[in-house]
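The following exercises ask the reader to examine a protein chain step by step. Each task is followed by a worked solution.

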Amino acid sequence: MSNEQLKIGIILGSTRQGRVSPQVGEYIKQVADERGDAAYEIVDIAEYKLPFLGEGTGEEPGLATWNAKLDSLDGFVFIVQEYNHSITGALKNALDSAREAWNNKAAGIVSYGSTGGARAAEHLRGILGELLVADVRVHPTFSLFTDFENYSVFKPADLHKANVNAMLDQVNAWSGALKTLR
């Protein structure tokens with residue numbers, strides 16, 4: 001394996017107006033960047049303007065750009081918010097809009113919601129397994145009641161930083177190991 005730094009994408013799983021996933025993603029990136037062990041970047045699915053799977057021609061520029069971005073990454077951290085006990089439709093569509101670009105990579109899941117987004121994270125784990133993405137065990141969760149001010153301003157408790165770092169340790173270890181398969 002080369003000495004080249006791993007490239008880890010922090011994928012924002014919501015596209016709706018007023019979303020807070022950019023705040024959570026920036027927090028994760030800040031903690032990650034302090035480590036200096038990989039190249040971390042925010043990947044906002046809203047920027048790709050992905051058509052719904054099965055609609056359109058399949059030639060939309062966003063699809064090619066999305067797949068190229070995923071191909072360039074060694075691993076992922078998904079920022080997942082819980083909607084009706086599951087992931088957002090936008091995230092599911094983004095996952096379905098690629099196939100091989102996901103294969104043999106690792107992912108961490110960071111979730112938030114009224115129950116810390118745990119049910120959405122569990123749904124995501126099943127989808128990731130089908131896409132040949134190895135999800136790691138450590139799973140930082142944030143509560144809308146205690147980690148957000150007025151449910152809209154992200155203010156995580158300091159205790160979360162250790163959990164985020166433990167998740168990143170696992171994502172990096174697995175991403176490096178799986179890189180040998182690609």
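**Exercise 1: Thr88 and its surroundings**

The side chain of Thr88 lies 2.6 Å from the backbone oxygen of Gly13. The model is predicted, so local features need pLDDT of at least 70 and side-chain atom pairs count only at pLDDT 80 or more, while totals for chains, interfaces and linings use all residues. Residues are numbered from 1 along each chain as its sequence is written, and side-chain values use heavy atoms, with hydrogens and water left out.

Task: Determine where Thr88 is found, and whether Thr88 is buried or exposed.

Solution. Step 1: Thr88 is found in the loop between β3 (75-81) and α3. Helices (H or I, at least four residues) and strands (E, at least two) are DSSP runs, numbered from the N terminus.
Step 2: Thr88 has a relative accessible area of 8% and is therefore buried. Buried means under 20% relative accessible area, exposed over 50%, and partly exposed in between (1.4 Å probe, protein chains only).
Step 3: Apart from neighbours within four places in sequence, Thr88 is in contact with Gly13, Ser14, Gln81 and Tyr83. Contact means heavy atoms within 4.5 Å.

**Exercise 2: Helix α2**

Task: Identify which residues of α2 are buried, and which are exposed on the other side.

Solution. Step 1: The buried residues in α2 are Gly62, Leu63, Trp66 and Leu70.
Step 2: Viewed down the axis of α2, the buried residues fall within an arc of 100°, so they line one face of the helix. The arc is that of the directions from the helix axis to the C-beta atoms.
Step 3: Pro61, Ala64 and Asp71 are exposed on the other side of α2.
Step 4: The cover over the buried residues of α2 includes β1 (6-12), β2 (38-44), β3, α3 and β4.

**Exercise 3: Aromatic pairs**

Task: State how many aromatic pairs a search of the whole structure finds, and classify two of them.

Solution. Step 1: The search finds 11 aromatic pairs. Rings of Phe, Tyr and Trp (its six-membered ring) pair if their centres lie within 6.5 Å; planes under 30 degrees apart count as stacked, over 60 as edge-to-face and the rest as tilted.
Step 2: Trp66 and Trp102 are 6.1 Å apart, centre to centre, with 70° between the planes, and this pair is edge-to-face. Trp66 lies in helix α2 (residues 61-71) and Trp102 in the loop between α3 (89-96) and β4 (105-113), so the pair ties together parts 36 residues apart in sequence. Both Trp66 and Trp102 are buried.
Step 3: The ring centres of Tyr112 and Phe148 are 5.5 Å apart and the planes stand at 45°, so this pair is tilted. Tyr112 is in strand β4 and Phe148 in strand β7 (residues 148-149), 36 residues apart.
Step 4: Tyr112 and Phe148 belong to one aromatic cluster with Tyr27, Phe142 and Phe154.

**Exercise 4: The nonpolar cores**

Task: State how many residues the largest nonpolar core has, and which element gives the most to this core.

Solution. Step 1: A nonpolar core is a set of buried Ala, Val, Leu, Ile, Met, Phe, Trp, Tyr and Cys residues joined through side-chain atoms within 4.5 Å. The largest has 28 residues, and those with the most contacts inside it are Ile11, Trp66, Phe78, Leu95 and Trp102.
Step 2: At least two residues of this core come from each of α2, β3, α3, β4 and α4 (118-130). The element that gives the most is α4, with 5 residues.
Step 3: A second, separate core of 25 residues includes Ile8, Val24, Ile79 and Tyr112.

Notes
Polar contact = N/O pair within 3.5 Å; in protein donor to acceptor, adjacent residues only side chain to side chain.
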